[in-house]
Amino acid sequence: GKRGRTAKSRYNTKEWTTLDDLQCQICLSVLRQCVALEPCGHNFCASCLSQHFANLLQAGLPLTCPLRCAVPERVVNNKAVRALIEMHEPLETPLTVSSSRNASAGAGVDVADLNEVASQGQGTPSTRRTKSGGISSPASLAAAKEEAEDEDFVEMSVLCPLYDDMLPMVASSLKSKQVEFSLSQLRRPEGDPNPFMAALESLARLAWSDDVIREEIARGHGIEAMVAAIRRFPDNEGVQCNGCLALMSLVRGEGDVCQHNQWRVAKAGGVETIVEAMNEFHDHAMVQLSALLCMIPLALENPMMQAHVADLALPAVCNAMRLHPKEAEVQAKGMVVLGVLAQGEDAVHDAIRYRQLSINAHREIARSLAIYGGESDEVLWAALFSLAVLVREGGEPFEPACRAAAGTNVQTLVVEALEQYRENMQSAGNVDLADDTILRAGTYLLDVLGPTVVKLREERRRMYAVAATAVAVPAVLYAGYKFLIAR
Ligand SMILES: [Zn+2]
Ligand SMILES: [Zn+2]
């Protein structure tokens, strides 16, 4: 109709080809204070993106593009798109207003008009439904904007504001916002555990492989807050798990920050808290696993921490293995913890090995070997590692450790497990096993245990001989006694 021609005369076809760029993918209205996410390049209203980020923050989720593309590196002011919108702003096409108003009033859309508008663009009619139910056609920019001003206007979120003077905002400041928010969640006075669980998970994700964030959390007293959260909800499994994983994320790197955080966790009473969680939830495999996962990096390459963790946690580690024989992960991680804690060539580590023997850690390892054999690489490797540490040559408890291991039939179990492992590897197509870590570890262990096993067998044979005599003597006496009675 006439109105269509009016539109044609006013708009330049070239500009319509970029129309998708002028529409916010969140509110589907004209972009207001357009910001773009890099590297994906998607455009949003500053307030819409701010609100989107705030929702993610509150859910404890990482800040991602609303269209789920690559992890954002920056939020920038999209001046080009803002200028383009500025050009269109004074124009109000009657066509647009009427079709949009008709639609929202339920009177239907003038299809002819829409098609005419679409033909000015890319050929196919592009219609989108706005939140208010109206049709947003390429020509309805002004109407959409009007609607947005009326009812769809979204305010900038205070959790993650994106005002122009804050742009460009880099990924690290987005992460800092998350840290800040999550730490504030951990200080909430309310008794609902869910925000705590979400905050712990969010902190675990953020610090997973980022020393800057690890330091930031520690400086913000995050470690104390995490430990306090675990203690505050002693009957909530999720908080216990996420708390252990959050602590783990702060120490699982190799740098100075992680070593510092090991001390900080100890100072905050973290190890005691983890052990309490294990005891409280002894029948929950996930809590056991989270706690064990946390202990490994907590004690790694830090002899003092190894002594500290061993002092508090050894019985809980053995309990976890004993109570969850069907959980391969618990078995494997439990044995890795045993190995990590006892690995060292000094008197302290000799004492830790003695302690492991005294609480029968070798029996848990033997049970694990008996159950899993060569079926699980992870369990087998962990078993060989923890045993090799326990029977370390030159260590003070070398002889008793070998005896303890041999006494639980470890040698036979290892031989069988290695045989099964070798068969599995060969049937999977791995023929060259000369350099295989597991086989080498197994061979080493058998070499170490061999002499003790032989000695032990000798001793047993002698003992049986003595025992046989001991049985024979009373028999003779008894016979003599009967003989005497008969007399
Ligand atoms: Zn995107
Ligand atoms: Zn928007």
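**Strand pairing and a helix crossing in a predicted model**

The protein chain has a mean pLDDT (the predictor's confidence in each residue, from 0 to 100) of 82, and 78% of its residues reach 70 or more. This is a predicted model: local features need pLDDT of at least 70, and side-chain atom pairs count only at pLDDT 80 or more, while totals for chains, interfaces and linings use all residues. Residues are numbered from 1 along each chain as its sequence is written.

Visitor: Where is the pLDDT below 50?
Guide: Over residues 1-18. That stretch has 27 contacts (heavy atoms within 4.5 Å) beyond near neighbours in sequence. Residues 91-148 are also below 50, with 95 such contacts.

Visitor: Why are β1 and β3 called paired?
Guide: Strands are DSSP runs of E, at least two residues long, numbered from the N terminus. Two strands pair if DSSP finds at least two bridges between them. Four bridges join β1 (residues 34-38) to β3 (residues 74-77), so they pair, antiparallel. L37 stands opposite V75.

Visitor: Which residues make the contact between α20 and α22?
Guide: D377, L380, L384 and L387 of α20, with V410, V414, A417, L418 and Y421 of α22.

Visitor: Why does D377 count as charged there?
Guide: Asp, Glu, Lys and Arg count as charged, so D377 does. The contact has eight nonpolar, no polar and one charged residues.

Key: Chains are lettered from A and ligands numbered from 1 in the order in which they are written. Side-chain values use heavy atoms; hydrogens and water are left out.
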